[in-house]
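Subject: Structure handover

Dear colleague,

Here is the structure I said I would pass on. My notes on it follow below.

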Amino acid sequence: MAAVRTLRKLCQHSQHPVCKLHTSVWRQEAVVISGRKLARQIREEARADVDKWVLAGHRRPHLSVILVGDNPASHSYVLNKTRSAADVGISSETILKHSDISEEELLDLIYKLNTDHRVDGLLVQLPLPDHIDERTICNAVSPTKDVDGFHVVNVGRMCLDQSTMLPATPWGVWEIIKRTGDATVTISHRYTPKEQLRQHTKIADIIVAAAGIPNLITADMIKEGAAVIDVGINRVQDPVTGKNRLVGDVDFEGVRQKAGFITPVPGGVGPMTVAMLMKNTIKAAKNVLLYPPERIRMAAAS
């Protein structure tokens with residue numbers, strides 16, 4: 001739901017001029033939008049930004065990632081983030097903690113990193129063990145280091161259309177829209193009844209599927225030539241191999257026959273999320289110059 005609300009705010013407040021989507025009547029299948037290719041462009045921009053920052057005499061941006069437990073998916077996500085950081089010239093570290101860490105111990109670690117001037121960006125990989133309250137943890141990260149954009153202060157600033165850390169996934173989706181085209185957007189989520197959802201998706205130029213329900217969006221639910229952006233990441237068992245595989249919220253093979261544009265899972269929104277985290281880390285490094293340590297501590301305690 002947070003991702004849905006964030007994307008709506010981005011759509012409402014964006015002033016960026018973007019091109020129109022173009023479809024051709026002779027094309028039988030949708031153009032597959034490569035999130036990997038777009039993410040590569042953004043990383044190149046980030047790399048140039050880091051080089052310029054370092055050449056100006058500043059310290060190289062640093063990202064700290066706290067990883068709790070042994071969830072294989074979380075470990076894979078964190079590895080992707082640290083590899084991307086290295087690619088753009090951001091130094092990083094992954095701090096591993098056992099799943100039985102107490103909430104108080106985790107908060108102490110976050111406070112330590114909040115007050116460490118060498119740490120520019122800080123994120124705690126979600127999900128966390130059940131005995132730890134995720135909202136408490138997200139609000140413990142200093143807003144100026146909150147590269148996930150989950151702190152209540154950053155969410156509030158976004159709602160007020162003020163400069164802030166934008167949550168990486170909705171920002172990544174918006175960059176896909178901005179760099180590909182501009183049209184009416186419908187956003188699906190798990191709380192929308194399917195028939196009501198169908199009424200909206202049938203007229204939408206762009207559909208953003210973010211419900212966490214495998215194959216929710218089918219070809220009969222979209223209009224001809226629509227752009228479909230799949231935010232869903234679902235692990236399902238392959239009926240042939242018996243192994244788990246990643247699928248989105250969109251029936252990819254069916255919808256691609258009718259849509260004009262479509263993002264795949266994997267390889268669509270996921271790489272864009274990681275790329276936007278790098279942009280936020282650079283922003284965090286520059287924010288250190290704007291917020292003295294005393295103000296950082298006050299923000300972390302809010």
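Leaving aside neighbours within four places in sequence, I90 is in contact with V50, P61, H62, L63, A85, M278, T281 and I282. The model is a predicted one, and that applies to everything below.

I90 is also one of the residues with the most contacts inside the largest nonpolar core, together with L63, V173, I176, I229 and M278. That core has 38 residues. At least two residues each come from α2, β2, α3, α7 (168-180), β6, β7 and α10 (269-287). Helix α10 supplies the largest share, 8 residues. Apart from this core lies another, of 16 residues, including I66, I110, L122 and I137.

For the chain as a whole, there are 11 helices and 10 strands. Of the 302 residues, 46% are buried. Among contacts with a separation of 6 or more, 69% are between residues 24 or more positions apart.

Helix packing

Two packed helices are described by the angle between their axes and the distance between the axes.

Helix α2 (residues 35-55) packs with helix α3 (residues 72-88) at an angle of about 55°, and the axes are 8 Å apart. At that angle, α2 is oblique to α3. On the α2 side the contact is made by R43, A46, R47 and V50, and on the α3 side by S84, D87 and V88. By type, these contact residues are 3 nonpolar, 1 polar and 3 charged.

V88, in helix α3, can be looked at on its own. Is V88 buried or exposed? Its relative accessible area is 0%, under the 20% cut-off, so V88 counts as buried. Leaving aside neighbours within four places in sequence, V88 is in contact with R43, A46, R47, V50 and M278. V88 and E44 are 44 residues apart in sequence, with their C-alpha atoms 7.1 Å apart in space.

The second pair is α2 with α7, at an angle of about 100° and with the axes 11 Å apart. This makes α2 roughly perpendicular to α7. Here L38, Q41, I42 and E45 of α2 meet E175, I176, R179 and T180 of α7. The residues of this contact divide into 3 nonpolar, 2 polar and 3 charged.

Strands

Three strands form an open sheet in the order β3-β2-β4, with parallel pairing. Which strands stand at the edges? They are β3 (91-97) and β4 (121-124); each has a single partner strand, so one side of each is left without a neighbour in the sheet. From one strand to the next, the twist averages 15°. Strand β2 (residues 62-68) pairs with β4 over 4 bridges in the parallel sense, and V65 stands opposite L123 in β4. Helix α4 (residues 103-114) lies across β2, β3 and β4, and runs at about 175° to β2.

Strand β7 (residues 227-230) has two partners to report. With strand β6 (residues 206-209), β7 pairs in the parallel sense over 4 bridges; the partner of V208 in β7 is I229. With strand β10 (residues 261-262), β7 pairs in the parallel sense over 2 bridges; the partner of A227 in β10 is F261. A227 and I229 point one way from β7, V228 and D230 point the other way, and all are buried.

V32 has a relative accessible area of 35%, which is between the cut-offs of 20% and 50%, so V32 is partly exposed. Leaving aside neighbours within four places in sequence, V32 is in contact with F252, R256, I262 and P264. V32 and P264 are 232 residues apart in sequence, yet 6.9 Å apart in space, C-alpha to C-alpha.

Regards

Terms used
Residues are numbered from 1 along each chain as its sequence is written. This is a predicted model: local features need pLDDT of at least 70, side-chain atom pairs count only at pLDDT 80 or more; totals for chains, interfaces and linings use all residues. Side-chain values use heavy atoms; hydrogens and water are left out. Axes are lines fitted to C-alpha atoms, for helices over the stretch in contact, and angles run from 0 to 180 degrees between N-to-C directions. Angles under 35 degrees count as roughly parallel, over 145 as roughly antiparallel, 65 to 115 as roughly perpendicular and the rest as oblique. Contact means heavy atoms within 4.5 Å. Ala, Val, Leu, Ile, Met, Phe, Trp, Tyr, Cys and Pro count as nonpolar, Asp, Glu, Lys and Arg as charged, and the others, Gly among them, as polar. Two strands pair if DSSP finds at least two bridges between them. Buried means under 20% relative accessible area, exposed over 50%, partly exposed in between (1.4 Å probe, protein chains only). A nonpolar core is a set of buried Ala, Val, Leu, Ile, Met, Phe, Trp, Tyr and Cys residues joined through side-chain atoms within 4.5 Å.
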